[in-house]
Amino acid sequence: MHKIFYLLSCLCLCAPSYADGVRLLKQEKGKITFSLKKETLSIYPLAENAVRVIKQREFTHHTPELIYTPVSSYPRYELGKNDSCYVISLEKLRMEVTVSDGKLRFFSADGKAITHETACSLKASSVQQEKTYVAQQSFFSPEDEYQIGLGQFQDGYLNVRSLSRRLTQVNTQIAIPFVLSNKGYGLLWNNYGLTEFNPSDNCISLKRSLKEGEKVTVNVTSTKGGVKETRENNFFTGQLNIHSKGHYALLLDVGSVMARRHHLTIDKRTVIDMDNLWLPPTASVIVELDKGIHSVEAKLNKEDNPRIFYRKIDDTTTFRSPVSNGIDYTFFAGTPDEIISAFRNVSGTIPMLPSWAMGYIHCRERFSSQAQLLETARKFRKENLPVDLIVQDWQYWEKYGWNAMRFDETSYPSPKAMVDSLHALDMRLMLSVWSKIDQNSVLGKQMAEKGYYIPQTPWVDFFNAEAASFYWQNFRDSLISPIGIDAWWLDATEPENDDLVGRRINHSQLPGEVLRNAYPLMVNKTVYEGIRREDKSGKRTMILTRSAFPGIQRYGVATWSGDVGNDWDTFKRQIAGGLGISVCGLPWWTYDAGGFFRPGKSQYTDPDFHERFLRWLQTSVYLPLMRVHGYMTDTEFWNYGEKVTALARKSLADRYLLLPYIYSEAAAITFKNSTMMRPLLMDYPTDTTALSLNCQYMFGKSLLIAPIVEKGPSSWRVYLPKVKGGWYDFYSHRTVGTGWYKAPVSIEHIPVFVKAGSILPLACHTQSTAKALNNDLEIRIYTGNNGSYQLYEDEGVNYNYEIGKYATYDLSWNDTASTFHISDRKGSYEGMNPHKHIKLIKIDSDAEGNIKESVKEIEYHGKQMSIVL
């Protein structure tokens, strides 16, 4: 094979023309360009295991690069050619461009086939009377493939292979056009607008039937605050004409901006049934259908106009965007961790969150006064219930208008004194701030005069740099400088109601559809970069936001699952949704423990709700962030009685016990591009049983979490992947082997298991993050395999770690020699405790379940030690 090497210099080449195929146009630094029949193919090597692929005819809309960070250096690659294809070889990825048709094939570095392109198309179209292209690209997907990703959805699917999804930003749904495969690759579809995943051109419209539904009046959140809304259901019917038996992917589109209910029956068999006060406009399901005519019925909101899109499942994965400049995707190869690491390296790595963010976050809808908030904070301390962050939800602005960036002094006479009082209690304040501003407020009138709104909406146009700057200036001058608030809750950053559609943005330069899904990226960019640039305190910031897009992770954001219900099925679906977004490079995620929409006043005394709430709470111990919230609810534990309070206290103790482990995992996110909440595909990609599980997951690489998502089970069936030495029950310390296991059920906690060979650093103090971290330790060693772990410490509240002010300790266990080793401490930071009292516990258990523990207590002074246990 003749090879053309690209090393350090820029080498330009011309190749012979192929009348019916591919012609090499140019090779330059970081880019190889080919001419296809109708398009130009550009390939950008981004990393040793990643390439960006762009096929286009012309630019129809010039947009800024929003996802990728500037390239500091280009990876080394080789370009070669044989009779059938061009070959591009990177250190960990090889790809071929077929000469005859320009299709791409992807291989591992050692030549193993990963996947390949199948069909693609670029069709001219229009958006707001301007030219655009419908871009579509398909890839081969074998029947035994598992794919995870696309962000956070409410359909309950973790494996999205062959599923049809519509990627839009809406309350409870976060659209990230990325999938991770167990076949050793990840795909990021680079489009800022709506994207269809595995779309179908087959569609039926359902007709409203004469069969009447029921009416119900509910309390809901809205862009005007809490309101009562009367909703009336109606039945819609139709027929599906299926030409051949098989599995079909169905997408129900209710035809409204937001749904109130998802429901679908086929031949009187229910295939979709979700009820919440707010739901995304689409829902997805895979069903098996026989050839023939099938009756369809949907019980939906009376104002809906539903359609069903359907396609027979095949061996392809397809992305389609109706508004684009062309086909544009990035292919990543390797293990799941290598793929996610490469994704972050090219689109932005993640700054450390404050250490206090990993403690308990207490929220309710809502505190109505400064006095009420401080009274609640003091009671937490009086009751010895640990909490690090307390949250002020919306409407603190009251008479000044929505998000006027002012506290109404009638209820909040001194916000600065409120924050200072919380700090004196070793707590922080998070404040809800929106990207919409009341147009009749003083600030809103200024925004309107300057033309800074998205037309005909109250949402600020963050694509307009001047509007974003003006928003930030007011944010800084009204909330940061005079008050010193610690954390920010940027709510409804989709923006709510899909308000970019049909509107112009950035001085009317672009149709909103072009950047439809990227709004949350711009809102969070504005706030994070402003804080890093201008907040002279140097405090680490925390941002919680309801929507996200690729690249947003570099702004240090966390997401949550939005305004969801509280029932068992909703709880179960949140876990699949959280795992779906975690593999998309966004590791910081949580939910409203107990659900946002709750059962009203009965929740305080209803034992069924108490059981559900406790399972939500106990699972949140093992989420990246632990947070309680609830609509029209006083969410404090003591309002639910002594039993709930005592069990909640146990969950809080478990969370704070784990903080040295959690904070070290947080450091691994920042320094090693790791992922904390890990679907089993990440660690067991060849275990088909593990891959099939929607709710079990790893928390770090040591703990396997098995949430209880049903009412009152007497035992819980757990699958434990095959690992050397098996698994240990975290709470009883008994060994439980591998494979299926019937776990005993306790109302005090959910089943949690520790992998043999794990080294778990735990806290000795469990009342606050300040005491739990950088202090004395308990280190548990689970025998049966060798193990290692890196413990991390820093000041926790500033960015000094970015200039090397932190400390690490390498911990290792030699199982054969029964010896624990701790390295010399590496690094230092201000306020570091140079001495640690460490309690070492070696945990072992025989086949009969007899637990054997060996305990030694040591004094560590920063120098390496080896201890035989």
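Select F820 first. Leaving aside neighbours within four places in sequence, F820 is in contact with I759, I779, I781, L811, S812, W813, L840, M865, S866, I867 and L869. Contact means heavy atoms within 4.5 Å.

A word on the model. It is predicted, so local features need pLDDT of at least 70 and side-chain atom pairs count only at pLDDT 80 or more, while totals for chains, interfaces and linings use all residues. Residues are numbered from 1 along each chain as its sequence is written, and side-chain values use heavy atoms, with hydrogens and water left out.

**The cores**

With F820, they have the most contacts inside the largest nonpolar core, which has 211 residues. A nonpolar core is a set of buried Ala, Val, Leu, Ile, Met, Phe, Trp, Tyr and Cys residues joined through side-chain atoms within 4.5 Å. Buried means under 20% relative accessible area, exposed over 50%, and partly exposed in between (1.4 Å probe, protein chains only). Next, colour helix α5, residues 465–480: it gives the most to this core, with eight residues. Helices (H or I, at least four residues) and strands (E, at least two) are DSSP runs, numbered from the N terminus. Then pick I32, I88, F197 and F331, which are among the 41 residues of a second, separate core.

**The open sheet**

Show eight strands in the order β2-β3-β4-β5-β27-β15-β14-β12. They form an open sheet with antiparallel pairing. Two strands pair if DSSP finds at least two bridges between them. Look at the edges: β2 (23–28) and β12 (147–152) each have a single partner strand, so one side of each is left without a neighbour in the sheet. Neighbouring strands are turned by 20° against each other on average, direction ignored. Axes are lines fitted to C-alpha atoms, for helices over the stretch in contact, and angles run from 0 to 180 degrees between N-to-C directions.

Zoom in on β5 (residues 50–56) and β27 (residues 327–333). Six bridges join these antiparallel strands. Select R52; its bridge partner in β27 is T330.

**A buried threonine**

Go to T559, in strand β35 (residues 557–560). T559 counts as buried, at 1% relative accessibility. Beyond four places in sequence, its contacts include I174, L544, I581, W588 and W589.

**An enclosed helix**

Select α10, residues 659–672. Its 14 residues reach 19 Å from first C-alpha to last, close to the 20 Å expected at 1.5 Å a residue; that span is 1.5 Å times one less than the number of residues. Twelve of the 14 are buried, so α10 is largely enclosed by the rest of the structure. Among them are Y661, Y663 and E665. Step on to N673, which follows α10 with a positive phi near 60°.

**Cysteines**

Search for disulfides, pairs of cysteine sulfur atoms within 2.5 Å. The whole structure has zero. The nearest cysteine sulfur to that of C85 is in C120, 17 Å away. C85 is buried at 3%, whereas C120 is partly exposed at 40%.

**Last stop**

Finish at T816, in the loop between β49 (807–814) and β50 (819–822). At 79% relative accessibility, T816 is exposed. Draw a C-alpha to C-alpha distance to N785: 8.3 Å, for residues 31 apart in sequence.
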